[in-house]
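Let's walk through this structure together, one region at a time. Keep the sequence and the 3D view open side by side as you read.

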Amino acid sequence: MEKIKFLSFLIVQLFLVMEVVNSQGVEVGFYKKICPNVEAIVKEITVNYISSAPTLTAPLLRMHFHDCFVRGYDGSVLLNSTNGNQAEKYAIPNQSLRGFQVIDAAKSALEKECPDVVSCSDILALAARDAFSLVNGPSWQAPLGRGDGRVSILSEALKNPPTPFDNFTTLKTIFGALGLNVKDLVLWAIRHTIGMSHCFSFPSRLYNFTGKGNMDPNMDQNYINRLKIKSKPNDVTTIVEMDPGSFKSFDTDYYTMVAKRRGLFGSDAALLTNSQAKDYVLWLSQSKPHGSTFFKDFGESMVKMGKIGVLTGKAGEIRKHCAFRN
Ligand code: HEM
């Protein structure tokens, strides 16, 4: 049964990879003639929201990632449930996503400026990029021209995105099926330099790693002791900083944390179990982000993420409201 599930997962991902290859429709400057102010409008709205609620940066970036792993980058994570169908947004990994109001506000401004032209998935791609650059993170030129999906199913959001408990082999398989490589996997580890995590995303590492009441030997003991002060077993509400002390700003310290076995999640610690990934983590932990190619590489990797399974041409629609299909 598990094998069949895994095979069907791979087949779906294969189709998505084919879509990536076929995603010629997305391009930088796609709206230049049909809605020239799109980037300025999304940026202004994102800046306004984030200046009054800076903690929205991290969840917007996370939304970018969660959308692309389920049915490709099609804005399906933005849709509300309908009669008889529960949408992705309500799946447990997505329940802590925030920032939908930023996307909705940008959409309503753009519907006034150029109705029925700009997709919600493109708005998300721009808002996530702008939010990240506001915390001094890398920026990149975003290819646009995606359509929006019409389907959003809660159970798919439980199966597809990688989990914080995944080991390296699983992560490599999931990422590889989407055309992403070990370099992408390591580059994306930096995402956890900003934002918060619920304690329920890593409890076994502190309290019950192999079901025998033990701790994860791959995590630094002093860090475990610090985390245990805040995160108690069965705690479902407490949140902790993923990069203690600098969780609001972008820096490459998270690689130093991972290298010191202080990555919060098993999926971060997994990077040290593969020699190629480990060497890259160690190199990044020592290099200065602005001085190396890190900013450029990260931007390229985010562009790759934004091209996963995009719907172009008639395959997608331009939603009137991002929470509802037309
Ligand atoms: C191996 C893949 C990944 C795993 C297993 C993973 C797992 C997680 C988990 C468990 C949390 C904490 C959620 C909570 O408890 O509320 C989290 C938070 C976060 N993730 Fe990831 N993640 C992955 C990839 C990514 C990627 C690719 C990005 C973006 C480029 C990203 C951006 C974020 C951000 C910004 C937060 C903080 C959210 C907030 O403060 O609300 N993650 N991630």
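Which residue has a polar side-chain atom 3.1 Å from an oxygen atom of the ligand? That residue is S96. Before we go further, a word on the source: this is a predicted model, in which local features need pLDDT of at least 70 and side-chain atom pairs count only at pLDDT 80 or more, while totals for chains, interfaces and linings use all residues. Residues are numbered from 1 along each chain as its sequence is written, and side-chain values use heavy atoms, with hydrogens and water left out.

With H198, a polar backbone atom lies 2.7 Å from a ligand oxygen.

Now turn to the iron atom of the ligand. Its single donor from the protein is H192, through NE2, at 2.3 Å. Donors here are N, O and S atoms within 2.8 Å of the metal (3.2 Å for Na, K and Ca), and water is not among the atoms, so sites may look incomplete. To find H192, go to the loop between α8 (182-188) and β1 (196-198); helices (H or I, at least four residues) and strands (E, at least two) are DSSP runs, numbered from the N terminus.

Stepping back, 24 residues surround the ligand, and the closest are F65, R191, H192, M196 and H198; a residue is near a molecule or strand if one of its heavy atoms lies within 4 Å of it. Helix α3 gives the largest share of this shell, with five residues.

Next come the cysteines. The structure holds two disulfides, a disulfide being a pair of cysteine sulfur atoms within 2.5 Å. One joins C35 to C114, with 1.7 Å from S to S. This pair links distant parts of the chain, 79 residues apart: C35 is in the loop between α1 (2-22) and α2 (38-52), and C114 is in the loop between α4 (100-113) and α5 (120-134). C35 counts as buried because its relative accessibility is 1%, and C114 is buried too, at 7%. Buried means under 20% relative accessible area, exposed over 50%, and partly exposed in between (1.4 Å probe, protein chains only).

The other disulfide is formed by C120 and C322, whose sulfur atoms are 2.1 Å apart. It also links distant parts of the chain, from C120 in helix α5 to C322 in the segment after α14 (294-306), 202 residues apart. The torsion about this S-S bond is about -90°, so the disulfide is left-handed. Both C120 and C322 are buried.

Counting bonded cysteines along the chain, the disulfides follow the pattern 1-2, 3-4. C68 is in no disulfide, and the nearest cysteine sulfur, that of C120, is 17 Å away. C68 counts as buried because its relative accessibility is 0%.

Finally, visit helix α7 (residues 168-177), where F168, L171, I174, F175 and A177 are buried. At the start of α7, a side-chain oxygen of N167 comes within 3.2 Å of the backbone nitrogen of T169. After α7 comes G179, with a positive phi near 85°.

Definitions and conventions. A polar contact is a pair of N or O atoms within 3.5 Å; within protein, one must be able to donate a hydrogen and the other to accept it, and residues adjacent in sequence count only if both atoms are side-chain atoms.
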